Amino acid sequence: MTPLILALLAGAVAGVSLGALGAGGSILTVPALVYLLGFTPAAATTASLVVVVVMSATALVAHARAGNVRWRAGLLFAAAGLLPAAGAGALSARVPAAVLTLLFAAVAALAGLHMLRRRTPRGSGTVSGARAVGAGAGLGAVTGFLGVGGGFLAVPALVTVLAVPMSAAVGTSLLVVGANALVALAGRAYTAVHLDLALLLPFLAAAVLGAWDGRRLAAKVPAGTLRRVFGAVLLAVAVAMGATAVL
């Protein structure tokens, strides 16, 4: 199978995950770029940020039109993560590939377990400024360092920390992760990381189209079934990446 076909197939899978579940796309992007398309871990996490920015912006438009974005809460949450995202993004390119792979495997495992055990988070009814800053900073650092959007972390944080209704949490999380990813990408602008655009652009195009198919799939297949399938995939990816980094 040619690299171009692999890029299209992998991009479609990542897009379907994001479209169907509102999360998981970027978690699948990095291992696909590394193990299927030959990107280095540093290049893959940088390329993943490009995917996160484009995918978040595309999906955000649809959620905004539906009135499912809490702009003030999202901007406040994102603001706390901008500096950590930029700093972590600049630091990531200097971390040994094996360490970066192990850290990513850990986050992928966390995301997989979250999907397998997911329950609808409930808001506390109160908003803590300190908790909001801490959660926003942590999410920004994860996004910048590992190139993941962090939707599986952002949604429950918005609900429990900023009391955003669940109906608006996914749309608002797109604003947060998109802003963090854009700043993290800017933080990596001066690093010497080569991106193979001949593979990245087809991957990105397939991911955008896959997201639309994911939305249609979500309307036909129970959400619990989709989460369990993608959760199992993420756990398998985490185990494979961890074993590769160690061996």
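Visitor: Which residues in H4 meet H8?

Guide: This is a predicted model, to begin with. On the H4 side they are Trp71, Gly74, Leu75, Phe77, Ala78, Gly81, Leu82, Ala85, Ala86, Gly89 and Ala90. They meet Thr172, Leu175, Val176, Ala179, Asn180, Val183, Ala184 and Gly187 in H8.

Visitor: How do the residues of that contact divide: nonpolar, polar, charged?

Guide: The contact of H4 with H8 has 13 nonpolar residues, six polar and no charged.

Visitor: And what's the angle between H4 and H8?

Guide: About 25°, with the axes 7 Å apart. H4 covers residues 71-92 and H8 covers residues 166-187. Angles under 35 degrees count as roughly parallel, so H4 and H8 are roughly parallel to each other.

Visitor: Right-handed or left-handed crossing for H4 and H8?

Guide: H4 passes H8 in a right-handed crossing.

Visitor: What about H3 against H8, what angle and what distance between axes?

Guide: H3, residues 41-65, packs on H8 at about 145°. Their axes are 8 Å apart. Here the crossing is left-handed.

Visitor: Which residues make the H3 and H8 contact?

Guide: From H3, they are Thr46, Leu49, Val50, Val52, Val53, Ser56, Ala59, Leu60 and His63. From H8, they include Val170, Gly171, Leu174, Leu175 and Val177. Gly178, Ala181, Leu182, Ala184 and Leu185 of H8 also take part. By class, the contact of H3 with H8 has 14 nonpolar, five polar and no charged residues.

Visitor: OK, H3 and H5. Where do they touch?

Guide: The axes of H3 and H5 (residues 97-117) come within 9 Å and cross at roughly 45°. That makes H3 oblique to H5. Pro41, Ala42 and Thr45 of H3 make the contact with Ala97, Leu100 and Thr101 of H5. Those residues divide into four nonpolar, two polar and no charged.

Visitor: Switching topic. How much space lies in the second largest pocket?

Guide: About 240 Å³. The second largest pocket is lined by 14 residues. The closest to its centre are Leu28, Pro31, Ala32, Leu36 and Val237.

Visitor: Which elements give two or more residues to that lining?

Guide: Helices H1 (3-21), H2 (25-35) and H10 (223-246). The largest share comes from H10, with six residues.

Visitor: And the lining by class?

Guide: The lining of the second largest pocket has 13 nonpolar residues, one polar and no charged.

How values were computed:
Residues are numbered from 1 along each chain as its sequence is written. This is a predicted model: local features need pLDDT of at least 70, side-chain atom pairs count only at pLDDT 80 or more; totals for chains, interfaces and linings use all residues. Side-chain values use heavy atoms; hydrogens and water are left out. Axes are lines fitted to C-alpha atoms, for helices over the stretch in contact, and angles run from 0 to 180 degrees between N-to-C directions. Helices (H or I, at least four residues) and strands (E, at least two) are DSSP runs, numbered from the N terminus. Angles under 35 degrees count as roughly parallel, over 145 as roughly antiparallel, 65 to 115 as roughly perpendicular and the rest as oblique. A crossing is left-handed if the near helix is turned anticlockwise from the far one by less than a right angle, and right-handed if clockwise. Contact means heavy atoms within 4.5 Å. Ala, Val, Leu, Ile, Met, Phe, Trp, Tyr, Cys and Pro count as nonpolar, Asp, Glu, Lys and Arg as charged, and the others, Gly among them, as polar. On a 1 Å grid over the protein atoms alone, a cavity is a set of points where a 1.4 Å probe fits but cannot get out, and a pocket is an open set with protein on both sides within 12 Å along at least five of seven lines; lining residues have an atom within 4 Å of a point. Grid points are joined across faces, edges and corners, and a volume is the space filled by probe spheres set on the points.
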